[in-house]
Amino acid sequence: MSNKSISKSHQEYLSAIKRRKRSILIAQIGILILTLVLWEVAANFRWIDPFIVSSPSRIVKLFIEYATNGNLHKHVFVSLMETIVGFAAGTILGLIIAIGLWWSEYWARVIDPYIVVLNSLPKTALAPIIIIWVGAGYSGIIVTAISVSIVVTIMNMYNSFISTDPNKIKLLKTFGASKPQILKKLVLPASIPNLIGTLKISIGLSWVGVIIGEFLVSKAGIGYLIVYGSQVFKLDIVMMGVVILAIICALMYKIIASIEKHFIKWIE
Amino acid sequence: MDKAKVVEIKDLGITYHTIEEETEALRDVNLDIYHNEIIGVVGPSGCGKSTLLSIIAGLIKPTKGSVRVNGRLVDKPLNNVGYMFQSDQLFEWRNILNNVLLGLEIQGKLDDEAKERAKEMLHSYGLGDFIYSYPYQLSGGMRQRVALIRTLILEPDLLLLDEPFSALDYQTRLAISDEIGTILKKEEKTAIMVTHDISEAISMSDRVVVLSQRPGTIKKIFDIKLSCNKERTPLKSREAPEFRQYFNEIWRELDIHV
Ligand SMILES: Nc1ncnc2c1ncn2[C@@H]1O[C@H](COP(=O)(O)OP(=O)(O)O)[C@@H](O)[C@H]1O
Ligand SMILES: [Mg+2]
């Protein structure tokens with residue numbers, strides 16, 4: 001399969017792929033730059049009202065201002081902390097519940113309709129209730145984040161667990177494996193690719209929960225910043241909040257994707 | 001035969017229940033298998049061959065009758081029975097060595113000595129260069145050989161093989177069945193091998209059991225006696241003058257209409 005000496009045609013094939021990859025990257029960066037330039041120009045020449053749509057330079061200026069007077073890192077830190085705690089707790093709790101459902105087919109079937117309803121319900125509708133019940137501090141926001149992400153984690157992981165190859169289970173049983181052993185040696189490791197896929201989704205959902213929570217009640221955080229900006233009608237603040245959010249979410253997604261690369265060896 | 005009896009199947013029957021129907025898969029199966037025998041099992045598809053192996057392995061309980069292995073009643077999977085599947089069932093996330101060690105790990109018998117033994121076996125079966133490779137890096141034949149070592153390292157008294165070569169291409173299948181057949185004889189193993197390939201059954205087995213259509217019962221048992229020069233191996237068996245004759249008789253017994 002692997003050929004050590006690379007022929008000329010193969011070299012050409014490889015460089016064609018490289019060229020294409022580079023061209024895609026250039027186009028991606030190009031779109032970004034073009035958008036920023038157009039935005040800036042349009043705002044500068046008053047084709048659009050910078051008061052309403054802000055502009056890249058105004059955002060950068062505001063960013064520097066917020067970053068130097070020490071407020072920004074606090075907002076970012078608060079949101080980040082709430083998201084990471086909510087994400088981690090949601091994932092762990094979701095995994096535990098999914099394992100429980102895999103363990104007991106009876107209970108899986110009993111609670112199936114509830115999961116279905118919860119899944120189709122827009123979880124953000126629960127946010128006000130949760131915040132009243134749990135409290136208006138960080139904990140309310142974290143629980144909101146958990147509530148938004150956990151159902152997907154439960155459903156994805158449970159489905160992954162029950163689709164474990166029955167022949168592999170049979171193999172372990174011929175070795176005399178117990179149920180915990182089947183879980184540990186087979187079901188969990190076989191579900192790692194699905195777990196990573198689920199993490200990619202639930203990290204985004206955790207952010208949804210945190211921002212919603214911060215919209216409703218908070219004294220700090222990126223969501224707070226956005227709501228505050230819109231209330232005092234300073235769209236620069238709103239836009240800055242959104243841009244920071246986009247950058248952080250992209251970074252987090254990248255981290256998970258790089259974890260995925262570690263496992264890609266046998267995912268095929 | 002005055003050798004020790006390894007398997008004793010008595011009046012075995014099983015009926016499966018599903019919501020739609022009940023299926024009688026096996027009926028009145030009686031069979032004794034002796035030490036160092038390889039038994040080939042052939043029969044029309046759906047006649048209960050895999051079911052038979054699963055019962056012997058203690059994975060499902062029969063409705064009637066009993067199975068004993070080395071005199072012990074099979075009511076759960078026994079440590080001295082090994083099972084090989086149609087596909088190798090290697091765990092993609094474990095390297096070859098750790099795949100081989102899986103059974104020992106489950107049975108709590110994993111130690112340094114066992115690891116050394118696993119490495120030695122991999123070496124002696126031509127997989128020395130792949131000890132730390134992952135399954136996707138191996139060919140189908142090599143993977144099936146790993147599956148065999150994973151079974152053999154548990155030193156089972158009885159091996160159950162369910163169409164072990166049917167996922168392989170024809171050439172690989174001839175080569176690996178020759179190899180595995182030779183290994184089983186050399187290690188003095190007792191084995192039951194289900195196959196849909198009549199030639200494979202004749203070439204590897206001491207006896208070939210023909211099962212009837214469902215509910216599967218034993219229709220006929222053929223004692224395979226081949227005149228081979230020197231030692232009998234699965235590949236050489238195929239050249240024996242009696243080979244064709246057995247093939248035709250078993251084919252007739254299978255009574256397959258299309
Ligand atoms: N778990 C099961 N539940 C219900 N019916 C089954 C089950 N396993 C096998 N059967 C039925 O029993 C019969 C024998 O199956 P099997 O032993 O797999 O046949 P073979 O291996 O000879 O092709 C088939 O008709 C099959 O549909
Ligand atoms: Mg079968």
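**View 1. Cys47(B) beside ligand 1.** A backbone N or O atom of Cys47(B) sits 3.3 Å from an oxygen atom of ligand 1. That is a polar contact, a pair of N or O atoms within 3.5 Å. The model is predicted: local features need pLDDT of at least 70, side-chain atom pairs count only at pLDDT 80 or more, and totals for chains, interfaces and linings use all residues. Residues are numbered from 1 along each chain as its sequence is written, chains are lettered from A and ligands numbered from 1 in the order in which they are written, and side-chain values use heavy atoms, leaving out hydrogens and water.

**View 2. Lys49(B) and Ser50(B) at ligand 1.** A polar backbone atom of Lys49(B) is 2.8 Å from an oxygen atom of the ligand. Ser50(B) uses a polar side-chain atom, 2.7 Å from an oxygen atom of ligand 1. On its own, ligand 1 has 560 Å² of accessible area (Shrake-Rupley method, 1.4 Å probe). The protein covers 64% of that area.

**View 3. The surroundings of ligand 1.** Residues with a heavy atom within 4 Å count as near. Among them are Tyr16(B), Thr18(B), Gly46(B), Gly48(B) and Arg214(B).

**View 4. Two domains of chain A.** Domain 1 spans 3-44 and domain 2 spans 50-267; the bounds come from an automatic or database domain assignment. Their C-alpha centres lie 32 Å apart. Here 4 residues of domain 1 are in contact (heavy atoms within 4.5 Å) with 8 residues of domain 2. Trp39(A), Glu40(A) and Ala43(A) supply 93% of the area that domain 1 buries against domain 2 (accessible area lost on being put together, 1.4 Å probe, summed over both parts).

Methods. Buried area is the accessible area (1.4 Å probe) that two parts lose on being put together, summed over both. A polar contact is a pair of N or O atoms within 3.5 Å; within protein, one must be able to donate a hydrogen and the other to accept it, and residues adjacent in sequence count only if both atoms are side-chain atoms.
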